[in-house]
Amino acid sequence: MTKRFGAVTALDRLSFSVPEGGVYGILGANGAGKSTFFRLCLDLVRPSGGGLSVLGGAPGQVAVRRQIGAMIETPRYYPTLTAAETLMMLARTSGVRAPEIGRWLARVGLMDAVHRKVRHFSVGMKQRLGIAAALIANPRLLILDEPTSGMDPAGILEMRTLIRELAAKDGVTILLSSHLLDEVQRTCDRVAIFARGTLVAEGRIDVLLAGQEKLRLLATSQQALLAALGGRGVCDGDGVLMTVSRAETPSLLRALVDGGIDLIEARWMGGGLEKFYLEQTGGDHAG
């Protein structure tokens with residue numbers, strides 16, 4: 001799929017599939033094409049070449065649109081309406097039956113502000129209301145552009161929990177973008193990384209980062225640990241670094257302990273999504 005705006009190519013022969021279920025991150029610097037991709041999914045713009053299928057149909061089909069909820073960029077509302085009135089208005093204008101207003105406001109942490117006018121909301125509260133608005137029709141696909149913008153650390157944690165619950169318990173497929181790469185790594189199952197309108201990496205996060213992670217072990221005797229590992233480890237200060245898959249790690253640790261090695265610490269080093277992103281994009285800042 002390609003999308004051009006005059007002489008500017010926003011997306012250049014983009015091709016990938018998003019599996020149903022789970023949380024899928026769309027990453028890239030400002031101008032990389034993330035928002036254009038979301039708008040194509042919502043039929044707000046049309047491809048210049050190629051095409052895309054959403055939920056098994058064309059994005060412009062009414063039956064498809066009604067199965068999608070979205071919050072693109074910073075949401076804006078009528079300032080004189082309350083949170084509950086805003087959701088009710090959106091439900092009516094969207095042609096869906098009146099939602100369970102209280103349930104969605106509770107899930108996004110706005111029950112204390114049900115009857116407060118939106119003009120008194122903080123940026124983070126408006127983001128929460130935007131997510132509630134995107135959920136009122138119980139969508140199969142949820143698109144969230146910077147969902148934690150303006151939130152404090154506690155709010156970010158709450159949103160991460162909600163997003164994971166929507167995917168795991170409600171069966172919603174979630175597409176999200178965020179410049180908080182550590183949060184993406186904690187929240188998403190898979191990612192696609194855009195750079196200047198092209199796809200430079202795609203796949204499960206654990207697979208993409210597998211070759212970068214190393215396990216750092218600290219024991220009461222570094223020499224005994226090195227001997228037990230049989231050449232698989234290298235010194236790293238007072239610890240030992242080794243390359244091992246996460247699947248192998250439990251059996252490795254059990255074998256070391258059973259072999260008389262007194263382990264003090266075992267933790268993963270490197271393998272962060274931020275480092276991988278910068279390597280793939282040549283240093284473009286996510287945004």
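Two residues are in contact when they have heavy atoms within 4.5 Å of each other.

**View 1. Here's the whole protein chain, a predicted model.** Residues 24 or more positions apart account for 66% of the chain's contacts with a separation of 6 or more. The C-alpha trace spans about 70 × 50 × 30 Å along its principal axes. You'll find eleven helices and twelve strands, taken as DSSP runs (helices H or I, at least four residues; strands E, at least two) numbered from the N terminus. Residues are numbered from 1 along each chain as its sequence is written, and side-chain values use heavy atoms, leaving out hydrogens and water. Local features need pLDDT of at least 70 and side-chain atom pairs count only at pLDDT 80 or more, while totals for chains, interfaces and linings use all residues.

**View 2. Now for the largest nonpolar core, with 50 residues.** Such a core is a set of buried Ala, Val, Leu, Ile, Met, Phe, Trp, Tyr and Cys residues joined through side-chain atoms within 4.5 Å; buried means under 20% relative accessible area with a 1.4 Å probe, counting protein chains only. L129 and I174 have the most contacts inside this core. Helix 5 (residues 123-135) brings its largest share, seven residues.

**View 3. Let's zoom in on I174 and its contacts.** Skipping neighbours within four places in sequence, I174 touches G22, V23, Y24, L142, L144, I163, L166 and A167.

**View 4. Another core, of 20 residues, lies apart from the largest one.** Its members include L14, I26, A32 and V54. Across the protein chain, 46% of the 287 residues count as buried.
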